[in-house]
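This report describes one protein model, moving from a single strand pairing out to the sheets, the helices and the chain as a whole. Please read it alongside the sequence and the coordinates.

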Amino acid sequence: GDSTMSRFPLLLFAASLLAAGDALLLAPGRSVAARPAAPRALATAAEKEGEEEGEDRLGAGGRGGHAVRNMPDLSEEEKAVQAAVMEHQRGAARLTMAEDARSLVAYSSGYAVLSTLSSQVDGYPNGALVGFAPDASGLPVFVFSAMSSHTKDLSKVGGQAALTVTAKGFEGAADGRVTLIGDVERVGKEQVEKEGLKELYRERHPNAFWVDFGDFTFYRMASLKAVNFVGGFARAAAPSPDEYLSAEVDPIQAFAAPVMGHMNDDHAESTVAMVMHYVGLPDVEAAQLVALDRLGFMVQVTRQGQTFKLRLPFPRAAADRKDVKSLIVEMTQAAYKDESVQAHLAALAKPEESAAAAGA
């Protein structure tokens, strides 16, 4: 499991507020996971009375989240910072939940957990790790051995099934996952040839030589009954089957990794500047890009020794890789014109001098 960091006396912003997945706070003195931590408590900009105030200070999405007892009072300055950041995050452009779900499935590893009705134990589910390839509508295509337990389940009990797909690089609850619930059916050889399902599967799994074996059969999720999407802490939804099937796969995520790697390795200071300038969050110590789509970034931010995620939207949607580069340059140039950003970056560059000046 994740290691636990030492307790901090400072406030923590964590990703995802309400349905938008925005900025939340962790109480001082609470331990924090080394990875981006779960949101613990939402601090409001203005104090409210009685039960309403208590509800607004609940974690993981405000009302209805996980309660954190003994929340300390915040300074007026910190309340103002939080209010501004939360307001920004509420309006930050992001993909729809259906687009997120479609894109997650499209860019996943191509392996997922298939749950079927067990043919061995009546009334109980069975689970198996299987390979799949999404078709043009985002529904999974499989190639199953006749000997596999899930193949027997589908043929003997029925095609009711659920496929749980995790985001590429999935490590824990802060990462995305999608469950597709529907009917899985066998595909005849003529249909396999007509729709090019062998080619589709091999494109995702180039070494899948077994697709030509006689005891392996193609299956697909022929009808979609429900979709459950979790994009991380406090970001979850159940897009309708029609919404999922009609959603577009985000094209920018196809080359997100090298773009983010270049920014994180060579231009991390620029990301700090953009977060401070556009999100309005002061005292950012470090910022790493962790997700990229046509509408913007998710950024893992370190502030006052605490780590959390924030949304950094583009001024406009990106059409291609060249456009992403232009937008980053444009945003960086604007951020560096901000005098408060300049002063902070200068202080980060000379930490010893800054500490001495602060203590004078």
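In this predicted model, Ala-287 stands opposite Val-301 in strand 12. Strand 12 (residues 296–303) and strand 11 pair in the antiparallel sense over eight bridges. Two strands are taken to pair if DSSP finds at least two bridges between them. Helices (H or I, at least four residues) and strands (E, at least two) are DSSP runs, numbered from the N terminus.

The model is predicted, so that local features need pLDDT of at least 70 and side-chain atom pairs count only at pLDDT 80 or more, while totals for chains, interfaces and linings use all residues. Residues are numbered from 1 along each chain as its sequence is written, and side-chain values use heavy atoms, with hydrogens and water left out.

Three strands form an open antiparallel sheet in the order 11-12-13. Strand 11 and strand 13 (306–313) stand at the edges with a single partner strand each, so one side of each has no neighbour in the sheet. On average, neighbouring strands of this sheet are turned by 25 degrees against each other, direction ignored. Helix 2 (residues 76–91) packs on the sheet and touches strand 12 and strand 13; its direction makes about 45 degrees with that of strand 13. Axes here are lines fitted to C-alpha atoms, for helices over the stretch in contact, and angles run from 0 to 180 degrees between N-to-C directions.

Asp-283 is found in the loop between helix 9 and strand 11. Asp-283 has a positive phi of about 60 degrees, although it is not a glycine. Most residues other than glycine have a negative phi. Asp-283 counts as partly exposed because its relative accessibility is 37%; buried means under 20% relative accessible area, exposed over 50%, and partly exposed in between (1.4 Å probe, protein chains only).

Which residues of helix 11 are buried? They are Val-341, His-344 and Leu-345, in a helix that spans residues 339–349. Seen down the axis of helix 11, these buried residues fall within an arc of 100 degrees, so they line one face of the helix. The arc is that of the directions from the helix axis to the C-beta atoms. The buried residues of helix 11 pack against helix 9 (268–279), strand 11 (284–293) and helix 10 (321–336); contact means heavy atoms within 4.5 Å.

In helix 4, the buried residues are His-150, Thr-151, Asp-153 and Leu-154. Down the axis of helix 4 they fall within an arc of 160 degrees, so they too line one face. Ser-155 and Lys-156 are exposed residues on the face turned away from the buried side of helix 4. The cover over the buried residues of helix 4 includes strand 3 (111–117), strand 4 (125–131), strand 6 (140–145), strand 8 and strand 9. Just after helix 4, Gly-158 takes a positive phi of about 150 degrees.

Leu-154 lies in helix 4 (residues 149–156) and is buried, with a relative accessible area of 9%. Not counting residues up to four places away in sequence, Leu-154 touches Thr-116, Phe-144, Gly-159, Val-184 and Tyr-219.

| Pairing | Residue ranges | Bridges |
|---|---|---|
| Strand 7 with strand 8 | residues 160–166 and residues 177–186 | Seven bridges |
| Strand 8 with strand 9 | strand 9: residues 216–232 | Ten bridges |

Ala-161 has Gly-182 in strand 8 as its bridge partner, and Asp-183 has Ser-223 in strand 9.

Ser-108 is placed in the loop between helix 3 (97–106) and strand 3. Ser-108 counts as buried, at 5% relative accessibility. Leaving out residues up to four places away in sequence, Ser-108 touches Phe-132, Val-165, Thr-166, Lys-168 and Arg-204.

**The whole chain**

The secondary structure of the protein chain comes to twelve helices and 13 strands. Of its 360 residues, 47% count as buried. The chain averages a pLDDT of 82, and 77% of the residues score at least 70; pLDDT is the predictor's confidence in each residue, from 0 to 100. Over residues 1–68 the pLDDT is below 50, and this stretch has 180 contacts in the model beyond near neighbours in sequence. Where pLDDT is low, the predicted coordinates should not be read in detail.
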